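Dear colleague,

I am handing over the structure we talked about, with the sequence alongside. Please look through it first, and then read my notes below.

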Amino acid sequence: RLPGPGRARLVGRAAGACAGDEAARGLWKDAAAELLARSEHPPVPPKDWRQDVRLGCTCEQCLVLQAFIRDPNERVLRIKAAQHRRSHVETEVTRHRLDMDCTTDATGRPFALVCVKNRHSHEAAVRAHAADCAAMATLLRLMSPMPEPLRALAARLAEAQARGGA
């Protein structure tokens, strides 16, 4: 999807139809700059399981959760606690948008909240990057032949798109 408020003026035009339109060239340049600012390089995969989040709560369960969040190697945490404490921890996970799935293990007493780290944020960034690469391809098709003042920007778009595998 093309960024910017003028995308309607660009979208739906035939390939190369924007090259002779000065206003469309300005919109194209703005859209290209925004796409490059967001997605000139693909998202870097996380090197470990650490998440850089600081919880505000200092209750016993949140201190355990905080240590788990910062641990680069551990993927699974089990917190045995009463239901209201497990719910509190789950609320903190949701509130801080942690890359973590939570389930309750109902075997034994007290039940355990099982937190498993995931890569949802990185996966979302990869999807957004792929969409931006597709938008880069659309932009490049719209401005062909490429006017001289836009060639350097177009080259950066093509390089970014190639890095993204699109």
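A search of the whole structure, which is a predicted model, finds 7 salt bridges. In general, side chains of opposite charge can pair when their charged atoms come close.

One of these salt bridges is formed by E34 and R38, whose closest N and O atoms are 3.1 Å apart. Both residues lie in helix α2 (residues 22-39), where they are 4 residues apart, or about one turn of the helix. An α-helix has 3.6 residues a turn, so residues three or four places apart point the same way. E34 is partly exposed, at a relative accessible area of 34%, and R38 also counts as partly exposed, at 45%.

E92 is buried, because its relative accessible area of 4% falls under the 20% cut-off. Elsewhere, salt bridges that share partners join E34, R38 and D132 into one network.

The salt bridge between the side chains of R78 and D105, at 2.8 Å from N to O, links distant parts of the chain, since R78 belongs to strand β1 (residues 76-80) and D105 to strand β2 (residues 100-105), 27 residues apart. R78 is partly exposed, with a relative accessible area of 44%.

Finally, please look at helix α5 (residues 120-142), which has 23 residues and reaches 33 Å from its first C-alpha to its last, close to the 33 Å expected. Its buried residues include D132, H122, H129 and C133.

Best wishes

Terms used: Residues numbered from 1 in each chain as written. Predicted model: local features only at pLDDT ≥ 70, side-chain atom pairs only at ≥ 80, totals over all residues. Heavy atoms only, no water. Helix = DSSP H or I, 4+ residues; strand = E, 2+ residues; numbered from the N terminus. Expected span 1.5 Å × (residues − 1). Buried < 20%, exposed > 50% of the residue type's maximum accessible area, 1.4 Å probe, protein only. Salt bridge = Lys/Arg side-chain N within 4 Å of Asp/Glu carboxyl O.
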